[in-house]
Amino acid sequence: MGLRSAQWYSGDDRNSYIHRAWMRRGLPSSAFGGDRPHIAIANTASDLTPCNSHLDEVAASVRQGVWAAGGVPLDLPVVSLGETNVRPTAMLWRNLAAMATEEMLRANPIDGVVLLGGCDKTTPSLLMAAASVDLPALVVPGGPMLTGHFRGVPLGCGTDVWRLSEEVRAGTLSREAFLRSESSMIRSRGHCNTMGTASTMACMAEALGMTLPGTAGTPAPDSRLLELSHAAGELAVELVRQERRPSQVMTRGSFLNAIVTLAAIGGSTNAVIHLLAIAGRLGVPLDLDDFDRTGAGVPLLADLQPAGRHLMDDLFRAGGLLALLREVEDLLDPAAITVTGRPLTAYLAEAEIWDETVIRRRADPLLADAGIAVLRGNLAPDGAVIKPAAASPELLRHRGRAVVFDSVEDLRARLDSPDLDVDETSVLVLRGCGPKGYPGMPEVGNLPLPAKLLAKGVRDMVRISDARMSGTAYGTVVLHASPEAAAGGPLARVRTGDPVVLDVAARRLDVDLPEGELAARDPVMTGHARPVRGWERLYVDHVTQAHQGVDLDFLAGSSGDRVGRDSH
């Protein structure tokens, strides 16, 4: 087998001399031009991405594994996106992070890569990059934090932020008590401990076959994560020697397995967009309807916040993702392999459920049909999504009068006004928050409820937007309405007072107006981003819609790992 890195290091000409000489720094001569694979460790560690701040420790264990297997480990810091801090939204830079990582993997003398992600956008961006370059690769998820407690009650980070902040607005929790909970929420290193987007994407990586089976959900402080990281470093070397690439692992069957997993764990709606984007990089046929067809009838088995009660370290203690997937093994594609070369289903036979209050049996699900529902109608002709597991059952079929907000700023300015014409039957509509409109499609789809309704005890309403929602959030929230308002979608033509009809069972989302009236209206195009330079301009000019994965249109398909020219 000829190593890709040998294209840089083999030979006795000036260029190979330069490549070797500058890279030596203590490396032995046997590290260059022989049979030792060079393995990049694509590391998203950053103090400004607090969920990933421990990944340098994980990287050290990966390095040891690479050395032990006869490879040469190489640190490669890559773009890191911290969900809690980055403005206007981390999603604006997911594609930039993916593109930058792709280019660095292709440009450098490496044979394979270990991808270290944790926070929401880091894992999908790394998978998108790996799919585009198609060098041997695997993921080590950074793992969830341990459960914090406040007043003797477990805290789900994210989920309880939304819950407690609404209690403050309702007057049932003091602001002082709310602020005291802050220091209890984040107990350890690691990403969110609910089944939010970070945990969901770790599970998606495993369901796709891109991790060592059994890794997803291992808590960040658990020493077994370092053991698995060492093993991942060893496996990366083996992947190069066997020439096993992401395109062989992430097949259509793997993506369908991920959709089954998404439903069974009650995962984040954000996974829909990320899986579509990863599939688009590989050229794997996958569309929005696959989520409905494949997820339909899949039971919710993980009793985890926000859809249930428990948290991620409970899932790990109860048997982990593999134990859960054993309950739905008949719904999985047995031909879909993992990075080990063995099928995912081959790892399920020995998986055990140790706590049936956390991982439910197939015969006793938390919800019988937990798949993400895809809605269509004159409000979302290209589709919108809702997570029934996190919604109020009585609102899944609803008719109400629209109360429309043209932007996040408009929402914040008017939501709590005592003059707002709204009641508990109203449907809150937020527009201008899609990929182009914001830009970047922020997690604002779980609109806060009007203060005067909170005071009356209302805790959920139907909400519709072209935005996304945090995977830690909950409620009867319709998201990703496509095409978005800024792209001329129907949301731009809705007016306050229009009758909106939601029927999840029928998969419909409509405004009940005479035929042709909606299309005849002039769209409201205020509050949309109009960048004139830089990444935002490139993004707005080329980003695709939610039903297409919100990737850049010129990045569809894989470009491979070849670089035809030298720099000297």
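Five bridges join strand β1 (residues 38-43) to strand β3 (residues 112-117), and the two strands run parallel. Ile-39 stands opposite Gly-112 in β3. Helices (H or I, at least four residues) and strands (E, at least two) are DSSP runs numbered from the N terminus, and two strands are taken to pair if DSSP finds at least two bridges between them. This is a predicted model, in which local features need pLDDT of at least 70 and side-chain atom pairs count only at pLDDT 80 or more, while totals for chains, interfaces and linings use all residues. Residues are numbered from 1 along each chain as its sequence is written, and side-chain values use heavy atoms, with hydrogens and water left out.

β1 and β3 belong to an open sheet of four strands, in the order β2-β1-β3-β4 and with parallel pairing. The edge strands are β2 (72-77) and β4 (137-141), each of which pairs on one side only. From one strand to the next the twist averages 20°, where axes are lines fitted to C-alpha atoms (for helices, over the stretch in contact) and angles run from 0 to 180 degrees between N-to-C directions.

## The eight-stranded sheet

A further open sheet is formed by eight strands in the order β7-β8-β12-β11-β10-β9-β13-β14, and here the pairing is mixed. Because β7 and β14 (508-511) stand at the edges with a single partner strand each, one side of each is left without a neighbour in the sheet. The twist in this sheet averages 25° from one strand to the next. Strands of a sheet pair through backbone hydrogen bonds, either parallel or antiparallel.

Strand β7 (residues 373-375) pairs with β8 in the antiparallel sense over three bridges, and Val-385 in β8 is the bridge partner of Val-374. β8 also pairs with strand β12 (residues 477-482), again antiparallel and over three bridges; Ile-386 stands opposite Val-478 in β12, and Gly-383 has Ser-482 as its bridge partner in β12. Two bridges join β12 to strand β11 (residues 462-465), the two running parallel, with Arg-463 opposite Val-477. Elsewhere in the order, strand β9 (residues 397-405) and strand β10 (residues 427-430) pair in the parallel sense over four bridges, and Ala-402 stands opposite Val-427 in β10.

## Burial around β8 and β12

Strand β8 (residues 383-386) is covered on both faces, with Gly-383 and Val-385 buried on one side and Ala-384 and Ile-386 buried on the other; buried means under 20% relative accessible area, exposed over 50%, and partly exposed in between, for a 1.4 Å probe and protein chains only. Six of the six residues of β12 are buried, so β12 is largely enclosed by the rest of the structure. Helix α14 (residues 288-295) lies across β7 and β8, running at about 135° to β7.

## Helix packing

The axes of helix α9 (residues 197-207) and helix α12 (residues 252-265) come within 8 Å and cross at roughly 145°. The contact (heavy atoms within 4.5 Å) is made by Thr-200, Cys-203, Met-204 and Ala-207 of α9 and by Ser-254, Asn-257, Ala-258, Thr-261, Leu-262 and Ile-265 of α12.

Ala-271 is found in helix α13 (residues 270-282), and, at 0% relative accessibility, Ala-271 counts as buried. Leaving aside neighbours within four places in sequence, Ala-271 is in contact with Thr-200, Met-201, Met-204 and Leu-262. Ala-271 and Leu-27 are 244 residues apart in sequence and 41 Å apart in space, C-alpha to C-alpha.

## Nonpolar cores

A nonpolar core is a set of buried Ala, Val, Leu, Ile, Met, Phe, Trp, Tyr and Cys residues joined through side-chain atoms within 4.5 Å. Of the 105 residues in the largest such core, Leu-116, Met-210, Met-250 and Phe-255 touch the most other members. Not counting residues up to four places away in sequence, Phe-255 touches Leu-208, Met-250, Leu-275, Ile-278, Ala-279, Leu-282, Val-284 and Leu-286. A second, separate core of 28 residues includes Ala-380, Leu-395, Val-478 and Leu-491.
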